[in-house]
Amino acid sequence: MKYECRITVLETKCFPELQKQYLADPDSGPCPFFKPGDTFLLKRTPQQDDFYHLMNGKFCGEAWDAVSRYVYAALQGGAIMRKWTNDDRMMIACCNDGTRPVIFKIERIDIPETPEEADWLSKQSFKNGSGDAYTG
């Protein structure tokens with residue numbers, strides 16, 4: 001089985017009152033790097049290793065620091081956050097910037113390479129409900 005990872009920007013937030021109180025530039029505004037709807041598809045193959053190369057500068061370093069563990073799990077075929085989200089192949093996370101956070105959806109994409117893998121995948125349920133949820 002091969003795996004890819006899709007990162008989608010769900011939302012950007014801005015807290016101007018915190019920026020005015022704490023930042024050197026109190027009028028910094030929202031994140032200039034990402035916009036809602038931006039999508040990134042990551043691969044990890046001998047020809048293209050987006051994880052190791054941090055997407056060749058296409059991703060903010062602070063945001064990458066916050067989401068890279070989930071991306072790594074997805075690219076290895078792991079449960080991104082088992083029993084936390086309603087699908088073990090997905091995680092919602094945000095960057096570290098407390099005055100203008102960006103919220104990401106991170107998804108593992110399963111790519112069967114054989115009919116047996118496709119058959120196995122079709123029989124799997126990665127869904128979770130409130131009875132399954134791990135709440136810490």
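Author: Let me begin with a term: a residue is called buried when its relative accessible area is under 20%, exposed when it is over 50%, and partly exposed in between, using a 1.4 Å probe and protein chains only. This is a predicted model, in which local features need pLDDT of at least 70 and side-chain atom pairs count only at pLDDT 80 or more, while totals for chains, interfaces and linings use all residues. Residues are numbered from 1 along each chain as its sequence is written, and side-chain values use heavy atoms, with hydrogens and water left out.

Reader: Okay, so is Met90 buried or exposed?

Author: Met90 is buried, because its relative accessible area is 13%. Its place is in strand β3, where strands (E, at least two residues) and helices (H or I, at least four residues) are DSSP runs numbered from the N terminus.

Reader: And which residues is Met90 in contact with?

Author: If its neighbours within four places in sequence are left aside, Met90 is in contact with Ile80, Thr85, Lys105, Ile106 and Glu107; contact here means heavy atoms within 4.5 Å.

Reader: In what order do the strands form the sheet?

Author: The order is β2-β1-β4-β3, an open sheet of four strands with antiparallel pairing, and two strands are said to pair if DSSP finds at least two bridges between them. Since β2 and β3 stand at the edges with a single partner strand each, one side of each is left without a neighbour in the sheet. From one strand to the next, the twist averages 20°.

Reader: How many bridges join each pair, say β1 to β4?

Author: Strand β1 (residues 2-12) is joined to strand β4 (residues 102-111) by 10 bridges, and one of the residues involved is Tyr3, whose partner in β4 is Asp110. Four bridges join β1 to strand β2 (residues 39-42), where Leu42 is the bridge partner of Cys5. Between β3 and β4 there are five bridges, with Ile92 partnered by Lys105 in β4.

Reader: Where does α2 lie?

Author: Helix α2 lies across β1, β2, β3 and β4 and runs at about 145° to β1; the axes behind that angle are lines fitted to C-alpha atoms, for helices over the stretch in contact, and angles run from 0 to 180 degrees between N-to-C directions.

Reader: What about the largest nonpolar core, how many residues does it have?

Author: It has 24 residues, and those with the most contacts inside it are Ile7, Phe34, Phe59, Val67, Val71, Phe104 and Ile106. The term covers a set of buried Ala, Val, Leu, Ile, Met, Phe, Trp, Tyr and Cys residues joined through side-chain atoms within 4.5 Å. At least two residues of this core come from each of β1, β2, α2, β3 and β4, and α2 gives the most, with eight residues. Ile7 itself touches a list of residues that includes Phe59, Trp64, Val71, Phe104 and Ile106.

Reader: Changing topic: how many salt bridges are there in the whole structure?

Author: A search finds 10 of them, each being a side-chain nitrogen of Lys or Arg within 4 Å of a carboxyl oxygen of Asp or Glu. Arg6 and Glu107 form one, with their closest N and O atoms 3.1 Å apart. Arg6 lies in strand β1 and Glu107 in strand β4, so this pair ties together parts that are 101 residues apart in sequence.

Reader: Which side chains meet at 3.7 Å, N to O?

Author: Those are the side chains of Glu4 and Lys43. The pair links distant parts of the chain, with Glu4 in strand β1 and Lys43 in the loop between β2 and α2 (61-75), 39 residues apart. Glu4 counts as buried because its relative accessibility is 15%, while Lys43, at 27%, counts as partly exposed.

Reader: Last one, with which side chain does the side chain of Thr99 make a polar contact?

Author: The partner is Gln19, at 3.4 Å; a polar contact is a pair of N or O atoms within 3.5 Å, where within protein one must be able to donate a hydrogen and the other to accept it, and residues adjacent in sequence count only if both atoms are side-chain atoms. Thr99 lies in the loop between β3 (90-94) and β4, and counts as buried at 10% relative accessibility.
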